[in-house]
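Trainee: Could we go through this model together? I would like to begin with its overall form.
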Amino acid sequence: MKSKIFLYLFIFAALIALYQFVSANNMVKDKNGKIESLEKDMVQMQDSVQKLNLKVLDVQYFTLDNNDDALAYYDHLNVEDPSRYIEDKLLETNESKGDNPLVPYEGMEGDFKINKIKTLNHKWIIADFSDGQYWGEIFLKYELKDDLSVDFTLLDHLLYARSN
């Protein structure tokens, strides 16, 4: 009787050990599969990040901040960030009551105000304007003077047609 109990106990312990072995083996295979999948995803993400970095560099090509030759025009002015300074001066034109004086259109749903600005170099700016419903773009020439005043001259403009 004692020997049968030990035999059953041994078989039961062997079955538990076999179950643990198979379960652990399946878990290892599953985890390895997940690791391989994540490694493939990581490689794809690294490629995507590299492509986006190249795209950002391409977009930043036409900016005052990345143009040392254009920035050299403002070395004598001791302005820490000329691009930001000029953009702030342009945004100050929004403070006037009514439409922005640089926008050659009258607002239809409100006043046209400048929203986004990109300083291309030491002479040109492109800006986006809107009244909340209608929008357009202006191309400006600017001059940053020695007294830190800025003169803006409208070179070209466009107003987009609404598409409803």
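Trainee: What radius of gyration does the protein chain have, and what would a compact globule of 164 residues have?
Mentor: The protein chain has 33 Å, whereas a compact globule of 164 residues would be near 15 Å. The radius is taken over C-alpha atoms, and the globule rule is 2.2 Å times the number of residues to the power 0.38.
Trainee: And what does the C-alpha trace span along its principal axes?
Mentor: About 105 × 45 × 25 Å. This is a predicted model: local features need pLDDT of at least 70 and side-chain atom pairs count only at pLDDT 80 or more, while totals for chains, interfaces and linings use all residues. Residues are numbered from 1 along each chain as its sequence is written, and side-chain values use heavy atoms, with hydrogens and water left out.
Trainee: Which pattern does the secondary structure follow?
Mentor: The order is α-α-α-β-β-β-β, that is, three helices and four strands. These are DSSP runs numbered from the N terminus: helices are H or I with at least four residues, strands E with at least two.
Trainee: Which residues of helix H3 are buried?
Mentor: In H3 (residues 82-92) they are Pro-82, Ser-83, Ile-86, Glu-87 and Leu-90; buried means under 20% relative accessible area with a 1.4 Å probe, protein chains only.
Trainee: Why do they line one face?
Mentor: Seen down the H3 axis, they fall within an arc of 130°, so they share one face of the helix; the arc is that of the directions from the helix axis to the C-beta atoms.
Trainee: What covers them?
Mentor: The cover includes helix H2 (68-71) and strands S1 (113-119), S2 (124-130), S3 (135-144) and S4 (150-159).

Note on methods. Buried < 20%, exposed > 50% of the residue type's maximum accessible area, 1.4 Å probe, protein only. Contact = heavy atoms within 4.5 Å.
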